[in-house]
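Try each task yourself before you read the solution under it.

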Amino acid sequence: MMLPVIHRVTTLDLNVQPWSWPFAEARRAEISAHFATEQAQKPQLWNGRILLGRDPVFTGSSVRASYFEVDFASFLAWRDWGFPDPDVFNGFGMGALRCADGAFVLGEMGAHTANAGRVYFPSGTPDLDDISDGAVDIAGSVAREVEEETGLTPADYRAGAHWDCVVSGAAIAMIKILDVDSSGEALRKRIEANLGRQQQPELAAIHLVRGISDLTAAMPRFVTAFIEKQFS
(Lines give C-alpha, C1' and ligand atoms only; values in the text may rest on other atoms or scores of the structure.)
Protein backbone atom coordinates (compact mmCIF):
# COMPACT_ATOMS: atom_id res chain seq x y z
CA MET A 1 0.00 0.00 0.00
CA MET A 2 1.25 3.49 -0.86
CA LEU A 3 2.05 5.75 2.07
CA PRO A 4 -0.36 8.64 2.68
CA VAL A 5 0.53 12.05 1.24
CA ILE A 6 -0.09 15.24 3.26
CA HIS A 7 -0.89 18.63 1.73
CA ARG A 8 -1.14 21.71 3.95
CA VAL A 9 -3.67 24.18 2.53
CA THR A 10 -5.69 27.18 3.61
CA THR A 11 -8.41 27.14 0.92
CA LEU A 12 -10.95 24.40 0.16
CA ASP A 13 -12.74 24.84 -3.18
CA LEU A 14 -15.26 21.98 -3.17
CA ASN A 15 -18.13 22.62 -5.56
CA VAL A 16 -21.22 20.40 -5.63
CA GLN A 17 -22.35 19.37 -9.11
CA PRO A 18 -25.08 17.00 -10.35
CA TRP A 19 -23.60 13.65 -11.45
CA SER A 20 -24.87 10.07 -11.69
CA TRP A 21 -22.38 7.56 -10.32
CA PRO A 22 -21.99 4.69 -12.83
CA PHE A 23 -20.94 2.29 -10.05
CA ALA A 24 -24.13 2.97 -8.10
CA GLU A 25 -26.33 2.63 -11.17
CA ALA A 26 -24.73 -0.56 -12.51
CA ARG A 27 -24.74 -2.44 -9.19
CA ARG A 28 -27.96 -1.14 -7.66
CA ALA A 29 -29.45 -4.58 -6.91
CA GLU A 30 -26.24 -5.77 -5.22
CA ILE A 31 -25.98 -2.53 -3.27
CA SER A 32 -29.54 -2.82 -2.01
CA ALA A 33 -28.98 -6.41 -0.92
CA HIS A 34 -25.75 -5.48 0.86
CA PHE A 35 -27.41 -2.63 2.71
CA ALA A 36 -30.32 -4.84 3.77
CA THR A 37 -27.86 -7.30 5.27
CA GLU A 38 -25.96 -4.58 7.12
CA GLN A 39 -29.14 -2.92 8.35
CA ALA A 40 -30.42 -6.23 9.71
CA GLN A 41 -27.32 -6.39 11.89
CA LYS A 42 -27.36 -2.67 12.75
CA PRO A 43 -30.95 -1.35 12.61
CA GLN A 44 -29.79 2.22 13.30
CA LEU A 45 -28.18 2.47 9.84
CA TRP A 46 -30.04 4.98 7.69
CA ASN A 47 -29.84 5.24 3.92
CA GLY A 48 -29.61 9.01 3.77
CA ARG A 49 -27.93 11.22 1.18
CA ILE A 50 -24.21 11.99 1.45
CA LEU A 51 -21.53 13.71 -0.63
CA LEU A 52 -18.52 12.07 -2.28
CA GLY A 53 -15.77 13.70 -4.33
CA ARG A 54 -14.09 13.49 -7.73
CA ASP A 55 -11.10 15.02 -9.50
CA PRO A 56 -9.09 16.46 -6.58
CA VAL A 57 -6.36 18.94 -7.52
CA PHE A 58 -3.86 20.41 -5.05
CA THR A 59 -2.33 23.70 -6.16
CA GLY A 60 -0.18 25.74 -3.82
CA SER A 61 -2.22 26.47 -0.70
CA SER A 62 -5.57 25.24 -2.03
CA VAL A 63 -7.40 22.08 -3.03
CA ARG A 64 -10.16 21.92 -5.63
CA ALA A 65 -12.58 19.05 -6.20
CA SER A 66 -16.08 18.29 -7.45
CA TYR A 67 -18.62 16.67 -5.12
CA PHE A 68 -21.81 14.79 -5.96
CA GLU A 69 -24.82 13.49 -4.06
CA VAL A 70 -25.37 9.76 -3.56
CA ASP A 71 -27.16 7.43 -1.15
CA PHE A 72 -25.36 6.03 1.90
CA ALA A 73 -26.02 2.45 0.76
CA SER A 74 -23.89 2.98 -2.35
CA PHE A 75 -21.10 4.51 -0.28
CA LEU A 76 -21.20 1.63 2.21
CA ALA A 77 -21.00 -1.00 -0.53
CA TRP A 78 -18.17 0.87 -2.27
CA ARG A 79 -16.26 1.01 1.01
CA ASP A 80 -16.93 -2.57 2.05
CA TRP A 81 -16.06 -3.94 -1.40
CA GLY A 82 -12.62 -2.34 -1.42
CA PHE A 83 -13.32 0.94 -3.28
CA PRO A 84 -13.90 -0.58 -6.76
CA ASP A 85 -14.23 2.84 -8.45
CA PRO A 86 -10.85 4.58 -8.04
CA ASP A 87 -12.11 7.83 -9.59
CA VAL A 88 -14.22 8.63 -6.52
CA PHE A 89 -12.99 9.57 -3.06
CA ASN A 90 -14.44 10.12 0.40
CA GLY A 91 -13.40 13.66 1.31
CA PHE A 92 -14.30 14.48 4.91
CA GLY A 93 -13.30 16.87 7.67
CA MET A 94 -11.72 15.94 10.99
CA GLY A 95 -11.48 18.08 14.12
CA ALA A 96 -8.24 17.36 15.99
CA LEU A 97 -9.07 18.53 19.52
CA ARG A 98 -5.79 19.50 21.23
CA CYS A 99 -5.82 20.18 24.97
CA ALA A 100 -3.72 22.69 26.88
CA ASP A 101 -1.45 19.89 28.14
CA GLY A 102 -0.81 18.62 24.60
CA ALA A 103 -3.21 15.65 24.71
CA PHE A 104 -5.31 14.96 21.63
CA VAL A 105 -8.88 13.70 22.05
CA LEU A 106 -10.18 10.78 19.98
CA GLY A 107 -13.51 8.98 20.11
CA GLU A 108 -14.32 5.28 19.81
CA MET A 109 -17.40 4.69 17.67
CA GLY A 110 -20.35 2.86 19.22
CA ALA A 111 -21.35 -0.70 18.33
CA HIS A 112 -24.51 0.47 16.54
CA THR A 113 -22.64 2.66 14.02
CA ALA A 114 -21.24 1.79 10.59
CA ASN A 115 -17.70 2.31 11.95
CA ALA A 116 -18.12 0.39 15.21
CA GLY A 117 -14.99 0.15 17.34
CA ARG A 118 -12.84 2.50 15.28
CA VAL A 119 -11.00 5.30 17.05
CA TYR A 120 -10.29 8.68 15.47
CA PHE A 121 -10.85 12.42 15.63
CA PRO A 122 -14.45 13.69 15.42
CA SER A 123 -15.37 13.39 11.76
CA GLY A 124 -17.97 12.33 9.24
CA THR A 125 -18.63 12.07 5.54
CA PRO A 126 -20.34 15.34 4.51
CA ASP A 127 -24.04 15.33 3.71
CA LEU A 128 -26.59 17.72 2.23
CA ASP A 129 -26.66 19.83 5.40
CA ASP A 130 -23.02 20.73 4.68
CA ILE A 131 -23.77 22.46 1.37
CA SER A 132 -23.48 26.25 1.45
CA ASP A 133 -23.81 28.39 -1.69
CA GLY A 134 -23.25 25.39 -3.94
CA ALA A 135 -20.08 24.19 -2.19
CA VAL A 136 -19.21 21.75 0.58
CA ASP A 137 -18.59 23.60 3.84
CA ILE A 138 -16.02 21.32 5.50
CA ALA A 139 -15.46 23.78 8.34
CA GLY A 140 -19.17 23.70 9.09
CA SER A 141 -19.17 19.90 8.81
CA VAL A 142 -16.32 19.65 11.33
CA ALA A 143 -18.10 21.98 13.77
CA ARG A 144 -21.28 19.91 13.46
CA GLU A 145 -19.51 16.57 13.95
CA VAL A 146 -17.54 17.86 16.95
CA GLU A 147 -20.72 19.11 18.59
CA GLU A 148 -22.67 15.93 17.84
CA GLU A 149 -19.91 13.65 19.14
CA THR A 150 -18.53 15.66 22.06
CA GLY A 151 -20.96 18.47 22.89
CA LEU A 152 -18.31 21.13 22.24
CA THR A 153 -19.27 24.20 20.20
CA PRO A 154 -16.98 26.63 18.32
CA ALA A 155 -17.00 28.83 21.44
CA ASP A 156 -15.10 26.06 23.27
CA TYR A 157 -12.04 25.94 20.98
CA ARG A 158 -9.81 27.96 18.64
CA ALA A 159 -9.59 26.63 15.09
CA GLY A 160 -6.23 26.74 13.33
CA ALA A 161 -5.70 28.67 10.11
CA HIS A 162 -4.76 25.75 7.87
CA TRP A 163 -5.97 22.28 6.88
CA ASP A 164 -3.73 19.24 6.74
CA CYS A 165 -5.17 17.16 3.92
CA VAL A 166 -4.14 13.52 4.22
CA VAL A 167 -4.57 11.60 0.96
CA SER A 168 -4.72 7.89 1.72
CA GLY A 169 -6.13 5.51 -0.85
CA ALA A 170 -9.76 6.39 -1.53
CA ALA A 171 -9.97 9.00 1.24
CA ILE A 172 -8.92 12.58 1.73
CA ALA A 173 -9.12 13.65 5.37
CA MET A 174 -9.11 17.43 5.80
CA ILE A 175 -7.86 17.90 9.36
CA LYS A 176 -7.99 21.11 11.37
CA ILE A 177 -6.44 21.49 14.82
CA LEU A 178 -8.90 22.78 17.43
CA ASP A 179 -7.18 24.09 20.56
CA VAL A 180 -9.06 23.78 23.85
CA ASP A 181 -8.10 25.60 27.07
CA SER A 182 -8.50 22.50 29.22
CA SER A 183 -6.43 19.56 30.35
CA GLY A 184 -6.95 16.26 28.60
CA GLU A 185 -8.46 14.56 31.64
CA ALA A 186 -10.83 17.47 32.32
CA LEU A 187 -12.02 17.50 28.72
CA ARG A 188 -12.47 13.75 28.69
CA LYS A 189 -14.69 13.96 31.80
CA ARG A 190 -16.70 16.77 30.24
CA ILE A 191 -17.30 14.80 27.05
CA GLU A 192 -18.11 11.62 28.95
CA ALA A 193 -20.69 13.54 31.00
CA ASN A 194 -22.25 14.78 27.77
CA LEU A 195 -22.37 11.25 26.36
CA GLY A 196 -23.99 10.04 29.57
CA ARG A 197 -26.92 12.39 28.98
CA GLN A 198 -27.64 10.91 25.54
CA GLN A 199 -29.96 7.95 25.02
CA GLN A 200 -27.78 6.44 22.29
CA PRO A 201 -24.49 8.33 21.95
CA GLU A 202 -22.47 7.96 18.78
CA LEU A 203 -19.29 7.37 20.79
CA ALA A 204 -18.65 4.46 23.14
CA ALA A 205 -15.48 5.81 24.77
CA ILE A 206 -13.04 8.75 24.78
CA HIS A 207 -9.30 8.21 24.36
CA LEU A 208 -6.40 10.59 24.93
CA VAL A 209 -3.22 10.46 22.85
CA ARG A 210 -0.11 12.09 24.32
CA GLY A 211 3.51 12.49 23.35
CA ILE A 212 2.90 13.65 19.80
CA SER A 213 5.23 16.49 18.98
CA ASP A 214 4.42 16.50 15.27
CA LEU A 215 0.77 15.85 14.49
CA THR A 216 1.43 16.02 10.76
CA ALA A 217 3.72 13.00 11.02
CA ALA A 218 1.17 11.12 13.15
CA MET A 219 -1.94 11.83 11.07
CA PRO A 220 -1.45 9.10 8.45
CA ARG A 221 -1.85 6.54 11.22
CA PHE A 222 -5.27 7.87 12.13
CA VAL A 223 -6.52 8.24 8.56
CA THR A 224 -5.19 4.89 7.35
CA ALA A 225 -6.94 3.31 10.32
CA PHE A 226 -10.20 4.95 9.25
CA ILE A 227 -9.95 3.14 5.93
CA GLU A 228 -8.34 -0.17 6.86
CA LYS A 229 -9.98 -0.80 10.27
CA GLN A 230 -6.58 -1.31 11.89
CA PHE A 231 -6.73 1.16 14.79
CA SER A 232 -7.69 -0.22 18.18
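**Exercise 1.** Is Leu 51 buried or exposed? Work out where Leu 51 sits and what touches it.

Keep in mind that you're looking at a predicted model.

Step 1: Find the residue. Leu 51 belongs to strand β3, which covers residues 49-59.

Step 2: Check its accessibility. Buried means under 20% relative accessible area. Leu 51 has a value of 0%, so it is buried.

Step 3: See who its neighbours are. Leaving out residues up to four places away in sequence, Leu 51 touches Val 16, Tyr 67, Phe 68, Glu 69, Thr 125, Pro 126, Asp 127, Leu 128, Ile 131 and Val 136.

Step 4: Val 70 is 19 residues from Leu 51 along the chain, yet their C-alpha atoms are separated by 6.2 Å.

**Exercise 2.** Classify the ring pair Trp 19 and Phe 68, then the pair Trp 21 and Phe 23.

Step 1: Know what to look for. Two aromatic rings are described by the distance of their centres and the angle of their planes. By the pairing rule, the count here is 10 aromatic pairs.

Step 2: Take Trp 19 and Phe 68. Their centres are 4.8 Å apart, with 75 degrees between the planes. Planes over 60 degrees apart count as edge-to-face, and that's the label for this pair.

Step 3: Trp 19 is in the loop between β2 (11-16) and α1 (22-26), while Phe 68 is in strand β4 (residues 62-71), so the pair links parts of the chain 49 residues apart. Phe 68 is buried at 1%, but Trp 19 is partly exposed at 29%.

Step 4: Now Trp 21 and Phe 23. With centres 4.9 Å apart and planes at 50 degrees, this pair is tilted. Trp 21 is buried at 3%, and Phe 23 is buried too, at 9%.

Step 5: Spot the charge. Arg 54 lies over the face of Trp 19, 3.8 Å from the ring centre.

**Exercise 3.** How many of the nine residues of helix α3 are buried?

Step 1: List the buried ones. They are Phe 72, Ala 73, Ser 74, Phe 75, Leu 76, Ala 77, Trp 78 and Arg 79.

Step 2: Draw the conclusion. Eight of the nine are buried, so α3 (residues 72-80) is largely enclosed by the rest of the structure.

Step 3: Name the cover. It includes α1, α2 (28-41), β3, β4 and β5 (88-98).

Step 4: Look past the helix. α3 is followed by Gly 82, with a positive phi near 85 degrees.

Notes. Residues are numbered from 1 along each chain as its sequence is written. This is a predicted model: local features need pLDDT of at least 70, side-chain atom pairs count only at pLDDT 80 or more; totals for chains, interfaces and linings use all residues. Side-chain values use heavy atoms; hydrogens and water are left out. Rings of Phe, Tyr and Trp (its six-membered ring) pair if their centres lie within 6.5 Å; planes under 30 degrees apart count as stacked, over 60 as edge-to-face and the rest as tilted. Helices (H or I, at least four residues) and strands (E, at least two) are DSSP runs, numbered from the N terminus. Buried means under 20% relative accessible area, exposed over 50%, partly exposed in between (1.4 Å probe, protein chains only). A charge sits over a ring if NZ of Lys or CZ of Arg is within 6 Å of the ring centre and within 35 degrees of the ring normal. Contact means heavy atoms within 4.5 Å.
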